[in-house]
Structures are given as C-alpha cells and as structure tokens.
Amino acid sequence: MTEWQKTNWRNKPRVQMPDYTDEAALAKVEGQLSQYPPLVFAGEARRLKQHLGAAGRGEAFLLQGGDCAESFEQFSADAIRDTFKVMLQMAMVLTYGAKVPVVKVGRMAGQFAKPRSAPTEVVDGVELPSYRGDIINELAFTPEARIPNPNKMLQAYTQAAATLNLLRAFSTGGFADMSMVHSWTLGFTDEQDVQKYSEIADRIQDTIDFMNAAGITADTTHEFSTVEFYTSHESLLLEYEEALTRLDSTSGNWLAGSGHMIWIGDRTRQPDGAHVEFCSGVLNPIGLKCGPTTTADDLKVLMSKLNPENEEGRLTLIARFGAGKAGEHLPRLIKAVKEEGAKVTWVCDPMHGNTIKSATGYKTRPFDSVLREVRDFFGVHEAEGTIPGGVHFEMTGLDVTECTGGVRAVTEEDLSDRYHTACDPRLNATQSLELAFLVAEELTNLRRNGSKRAVS
Ligand code: PEP
Ligand code: CO
C-alpha cells in the first residue's frame, strides 16, 4: 500500500465542495494556511481518543454539541461563553445520570462548512447557488454573495483560533468551577415550570456540599475547578483541512490541525470518496454519521478504511435516523459492527433526522421528536446488549426560538421571534438543559436495569 498523503483526496470523487473559480487566490490562501500554526496538538487528539474509547466501553459518556453552522456575523465572546456554560451544566446533569465522566466536545472553533440537500436555492423564482457556510460563501441571497471565496478560509481560521483561545481560558481560568456551574442550574430549577428537575439538582448539590465538607473544593482540587473541553467539526472543506494538516513529530503520524475531532457527514461518506480518503489518514478521532441509507456493507468497508487497526476511540458512529426509525436501522448496523468485531463508540444525533417545515414556514425540530429519538437509541442498545456512548446536539446557550416544544414551550408562532441560525434549528439553553435532565433519567434507568441484569 502506498503511504497516505494529505493530498490524496484530490484524486477521489468529491461531493458537496465548492468549485473555486479563482485558482490563484485559492493557492495563495492554501499557502498561507499551511504556514499557520495548527489549532490543536496531537497529544490532545490522542487524549480525546482515549476518552472516546472509554465512552465506547460505557466508562464515559460523550456530550457533543454546538451550532449547526458557526457564523462570522454572530461571532462574540458572549455567544461562546453561553454555549460553553450550558454544555457544562448539561455535562454535570449527565454525569449524575451516567455516573461516569462526561467527555465534552463542542461543535465549535471550526464548524463552518455545510453540506446542502440541493446545489441551488430558488426564492421568488430566482435561482442561486446554495449557501454552504461562512467559510465558503455568504447567506445573503445575491449572486455575488453566493460565489465561493477562498479568502473566507482565513477568516474562519482566525475565528476558530480566537474561539479556541477563549474556550481554553474558560476551561482552566476559574469559570468552570463545579459549584458555580451547579448554582446556575439551581437557578434554572427554581422556576416553577421546571421544578420537576429539582430533585436531581438538589441531589447534585448535596454531593457537592459533601465533597466540600470533606475538603474537596476548587481551591484544593484541580478537577473541581477545571474541565477538559474539546472541539470538533465536519471535515467537509478539504482544501482547508489539508492546509492545516501537520506531521506529528513524536509519532510520525498526520494530525488534522483544524480541531480535535472531525467527522464525516451523512452526505459525504462514500467509501471511495474524497472525504473518507482524507479522514482515513489523520490520527484524530473520527466521527461517521450513519443515516437511514447507510448499509451494513458500506459500514463494514468504512470501518476497515477508517479504523484498520481497530483502535478504541478512533471511530465514533453517530446515528441520525429520525424519531421512530432507530428500531428499523440501528440493529442492522450494530450487527455489522458485531460481525466485524469492530470497536466503535455509538452516539445519538437526534437532530438531523427530525427536521421539519413548520406551518409558519420555518425549518424546525420538535423537542418531543428529539427526545423520542434519544429514547429509541437507548432502547435499541439495551435490547442488543450494546453501549450507548453519548449524544450529539445542535444547540446554543442563547435564548433562540428555533426548535418547538420543551417545558417552556416554543410554539410554531414563536419561531419568528428569535430565529437566528445560519443553517439548522438549534435547541436553546432551556431546551438543552431540559434534555440533559431527561437523558440523565434514561441513563439512570439504564444503570438500574443493567445492575438488575448483572445480579439476576
Ligand atoms: C450536521 O451535523 O450539521 C449535518 C449536516 O449532519 P448530517 O451529515 O448527519 O446530515
Ligand atoms: Co445541522
């Protein structure tokens, strides 16, 4: 076998990528990016891989979440802080349910490129190329805005670097103090409409009080005041990914320097395509979206290409079928994994199979469908004796109205109030936290059933 090269994807069929017309401008940007420092280091990617391996064994649980598409216009310290904050709250609630460490991975600091269901978009009889994310073109509906511009990769890199810098500061600079994180959650459960979660919240508080009394505080214990937070994005724009790929001198392996974890989308997972080729050669943990059209045979080929050494934590399978459909699709994929003896981490993305158009014309996702798909996912794994290793959400810490439902119900009529996403509808802060409580309940039940099984 010839050695992997970061340019090999160029010889493979590519889909969902822009055709840049200005080749000189593209080459210049690629040259610049390849001189820039990578955003992450190989040791971090390896450590995340270990954590994901633990999630695959049921010894940790993955919480992956963030924007569908990061945007240049909505870039702000407050938005980053709020998403980080709600992820920490969710993680604490999930830790309570799972009783294992929660691995926190943002769809942040690089989640800029979007696959689209159609190459063009028609508005009032005018047809233009689709918007493909701020790293490629612009959302505005004009012919100029939709031309792919390679210089946008430089702005994306800068925004990713600044985002990651702030996340690193928040992770270790005192913001992530466990007592503080939980006091935000207590504020949430104080309110009447969400009091049903207060029992869990109070029990977490008791645990924190007990630990503090025993001398375990933010001052004495590093784990109490800091968190590990990782970044991830879809590895879609391969010119950008290639330009940030670096050789790791300690292992002699290649690192995708654009983020800790990268994933392959449901539309770009062709076994012989460019995206699989690129991801096969980098050392990062790789996610693979599995949708209703994923066949057992394709999955087998993909597992052998993406994880030939059968390394734990290398491959995370992100199931996204839609509410009520996991029972139809997940068992055949679990069977394929079992037949190959493959080590994978199973994660549920209950967002991408549940997008609908509301009567008011907005793309939305009903909270109940999201929750139902999570429950389906847990149920199938329980029946198959396999491990649900985590969840993957499109969410924001902001108070948007993009998904309907939740205990503080967002109605179809409300969607127009604060609908800010550049792409798919996200859970808002309240819906995200509520979902974490509900998933924690599922995890608690699973543990109880599991331990009942173990003694019977
Ligand atoms: C996404 O995660 O934003 C996405 C487009 O997902 P999928 O590839 O599963 O449709
Ligand atoms: Co999306």
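Which residues coordinate the cobalt ion (ligand 2)? In this predicted model, local features need pLDDT of at least 70 and side-chain atom pairs count only at pLDDT 80 or more, whereas totals for chains, interfaces and linings use all residues. Residues are numbered from 1 along each chain as its sequence is written, chains are lettered from A and ligands numbered from 1 in the order in which they are written, and side-chain values use heavy atoms, with hydrogens and water left out.

The cobalt ion (ligand 2) is coordinated at 2.1 to 2.5 Å by Cys-68 (SG), His-352 (NE2), Glu-394 (OE) and Asp-424 (OD). Donors are N, O and S atoms within 2.8 Å of the metal (3.2 Å for Na, K and Ca); water is not among the atoms, so sites may look incomplete. The donor residues follow the sequence spacing C-x283-H-x41-E-x29-D. Cys-68 lies in the loop between β1 (61-66) and α3 (77-98) and Glu-394 in strand β14 (residues 388-394), so this pair ties together parts that are 326 residues apart in sequence. Helices (H or I, at least four residues) and strands (E, at least two) are DSSP runs, numbered from the N terminus. Cys-68 is buried, at 0% relative accessibility, and Glu-394 is also buried, at 0% (buried: under 20% relative accessible area, 1.4 Å probe, protein chains only).

The residues around ligand 1 (a heavy atom within 4 Å) include Cys-68, Arg-107, His-352 and Glu-394. Oxygen atoms of ligand 1 lie 2.8 Å from a polar side-chain atom of Arg-107, 3.0 Å from one of His-352 and 3.0 Å from a side-chain N or O atom of Glu-394. Taken alone, ligand 1 exposes 290 Å², of which the protein buries 98% (Shrake-Rupley method, 1.4 Å probe).

How values were computed:
Buried < 20%, exposed > 50% of the residue type's maximum accessible area, 1.4 Å probe, protein only. Polar contact = N/O pair within 3.5 Å; in protein donor to acceptor, adjacent residues only side chain to side chain.
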